[in-house]
Amino acid sequence: MAKKKQISKEDLKALHEAYNPQGKADWKIIDEEFENVATGNPIVLKILIILGSQIAALAFIGFLAVMDLFDNKESQFTLGIIFLGGGLAMSFIKNRSDFFEPFALTCVITGLSVLTISFADAMKFKETELAGVGLIISLTLWFISRSALQQYGFFGLFIFCIAVLMWEAKAYNMIHVLVGLCAAFMTFLLVHEAELLSSSKRVAGRMNSLIASCASVLGLLLLISVNKESFDGEKIGNWWASSIMLTGLLAYSGYVVVKKSMLNISPYAAIVVAIIMGASCVLAPGIIASVLLILLAHYTARYLLLTAGTISLICFTIAFYYNLNISLLNKSIMLIISGIIFLGIFAGMQYWSSKKSNS
Amino acid sequence: MSDKNSTPEKVSRPLLYLLARHSEWKNEDLQKVFKDKVYPTNTQLLTLFRYFVLAAGISFLLCGVIFFFAYNWDALTSMLKFIVCESAIVLCIIFYLFLNPEKTLAKLLLTMAMVMTGVLFAVFGQVYQTGANAYDFFLTWTLAVTLWVLLSRFLTLWLIYLVIINLVVFFYFEQVVHLHGEMYSLDAHTALNFVALIVYEAIGRKNKLVAKQRWMPRIILFSAIFFLTFAVSYSIFDNSWEKDNYIALGLFFFIFILCCWFYSSVVKDILPLGMIGFSMIIMLVCFIVEGIDKDNVELTLLIVSITVLAATTGLVTFLYRLNKTWQGNGKEKTNQ
């Protein structure tokens, strides 16, 4: 089995010296944090923490409800504050091990849920007001928290609150704007990773959680809303709007990737390919979003995102099959055209590379 | 000053983030590091794009063809439907025979032929109204393509084949045996996927290229554990304790012991151990819910909450330390 050599502190110093000889570095802190970062935290552990914490929090909230602790507003509020505060405080522990992470996340989920119920009860809040307050609170907590997993959840909650506000205002078409914004923010973060890291040190600590939040919410939004009915039985239409925005981002990403990688092909070719791709899948924005995710994940070597993109491409293709707004014949024509376009691009790439190797 | 060539070939993203957080960098320098040490090289990028475009092209084309035949267009005569399907299979095979079988294009053509064979059987059922059930359809399809799958050395094709065999097993219990207990079906799925996993890992011991592809055994193990968790949880809540429940329990011990040994000693891989651990947590929760007094809901919920939290923390800490030990030994990175 192929195994990669692990990087040592000296390797990192050599790298810094080779690429950034004039730049000052705080080696004391880097040395302190090195071992934790170098060992890495396999993604499976993060997924386990999220799943385990959610089940534990759900059972604990159930326990509190059965014990009639929600009948007393003061105890509800106090419990909520204690749990949320405890969870946030744990995120501040320096060089915390994964031992604290499930505890912290369970506390935060429990605290936030209890506080939400308490607020809704005490202030007689409706969904819109609750989402409005949630918007401010989630953003504040995102700023405060030092744990990447908590930041991921808080930012996801922030976007979810925006979606609830749109939903409650019956502005269903605004969902396209939200889809576009999520995709644009994710694209911006992925394409300009190095620029952002060099311009702000704070971004480095939050970059991965922001990208993961945007990608998750984007996928979830499209999965629950494309050609689905709202709670009022009204269909969300005009999906071409989302498709156009996503195609624009795909074209931009393609352009930047080709330009930055200096691939010896015109970056405008990427724009043309993206537009053809978008046009053939105009009624299936999920497919375009998945292709965008795959392209960016390939370019930035983020293999978890690549897996997510591939799985979402399969899911959205299956969902497209069950879309009752278009006949199977039209769907098949759209897919066959897309397939032929992709195969044409492949043939073009083969021709181009053979021509290059001959010359 | 260090030379760029003497620096490590690749650096993990978290380490670069650590460096970026605690040192001053110019935009261009950091971009250069990312390009050289994190992002794929131009050749890798082009190869990846080429494969993606090819795979997407063939997948979309195949989906389009499947959707087209599912539409059952009246304007298309039966003969024309057969001609389209059969000529697609024949063309794929002819091109496959002319190409180097190790090339991705050839492998994808074989996959296309395999899927088109299924479409052909579906069209056959549509035209002649054979009355065959889904079990017959999938069984015939499986038998017809077995030789291609055995001859090909393409993981995607193996995975599709495994999915079809799973469907055969599912419809066998659903439409042929008419067993009232779903347990046998769950047991059969678990055993089937586990056997597939053993076969794959055994091939992987001989073939380094197969062993390198970790996504395939992870998917197979995930499906085996998924069915096994269902089976054991079902057994816990089903108080009858008949033969099928004991089969599930036997499979549970056999699979878990074997997998824990294999993935911690032979192939050092955290992901399967995480899957097994989480499955055990789910079973533990089912056991608690079933075991505790039904009238005492609050106690059940509290114990479930504490148990899940403690078990998750224990599992995560154990896996974290195990991973650290593996990396510490010989300073080599393991599969993550």
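1. Basis. The model is predicted, so local features need pLDDT of at least 70 and side-chain atom pairs count only at pLDDT 80 or more, while totals for chains, interfaces and linings use all residues. Residues are numbered from 1 along each chain as its sequence is written, chains are lettered from A in the order in which they are written, and side-chain values use heavy atoms, with hydrogens and water left out.

2. Interface. In chain B, 90 residues are in contact with 101 residues of chain A (contact means heavy atoms within 4.5 Å). The buried area is about 9100 Å², and carbon and sulfur atoms give 75% of that; buried area is the accessible area (1.4 Å probe) that two parts lose on being put together, summed over both.

3. One salt bridge is counted between chain B and chain A (a side-chain nitrogen of Lys or Arg within 4 Å of a carboxyl oxygen of Asp or Glu). B:Arg13 and A:Glu193 meet in a salt bridge at 2.8 Å, N to O.

4. Cores. The largest nonpolar core has 194 residues, and A:Met186, B:Leu15 and B:Phe34 have the most contacts inside it. A nonpolar core is a set of buried Ala, Val, Leu, Ile, Met, Phe, Trp, Tyr and Cys residues joined through side-chain atoms within 4.5 Å; buried means under 20% relative accessible area, exposed over 50%, partly exposed in between (1.4 Å probe, protein chains only). B:Leu15 touches residues of chain A, including A:Ile7, A:Leu12 and A:Phe34. Another core, apart from it, has 10 residues, among them A:Phe60 and A:Cys107.

5. A:Glu193 again. A:Arg302 also forms a salt bridge with A:Glu193, at 2.7 Å between the closest N and O atoms. A:Arg302 lies in the loop between helices H13 and H14 of chain A and A:Glu193 in helix H9, so the pair ties together parts 109 residues apart in sequence. (Helices are DSSP runs of H or I, at least four residues, numbered from the N terminus.) A:Glu193 is buried at 0% relative accessibility, and A:Arg302 is buried at 11%.

6. A second pair in chain A. A:Glu195 and A:Lys260 form a salt bridge with closest N and O atoms 3.4 Å apart. A:Glu195 is buried, at 18%, whereas A:Lys260 is partly exposed, at 23%.

7. Chain B network. B:Glu201, B:Arg214, B:Arg218 and B:Asp269 are linked in a network of salt bridges. Within it, B:Glu201 and B:Arg214 meet at 3.0 Å, N to O; B:Glu201 is buried at 8% and B:Arg214 at 7%.

Technical notes. Helix = DSSP H or I, 4+ residues; strand = E, 2+ residues; numbered from the N terminus. Lists of a residue's contacts leave out its neighbours within four places in sequence.
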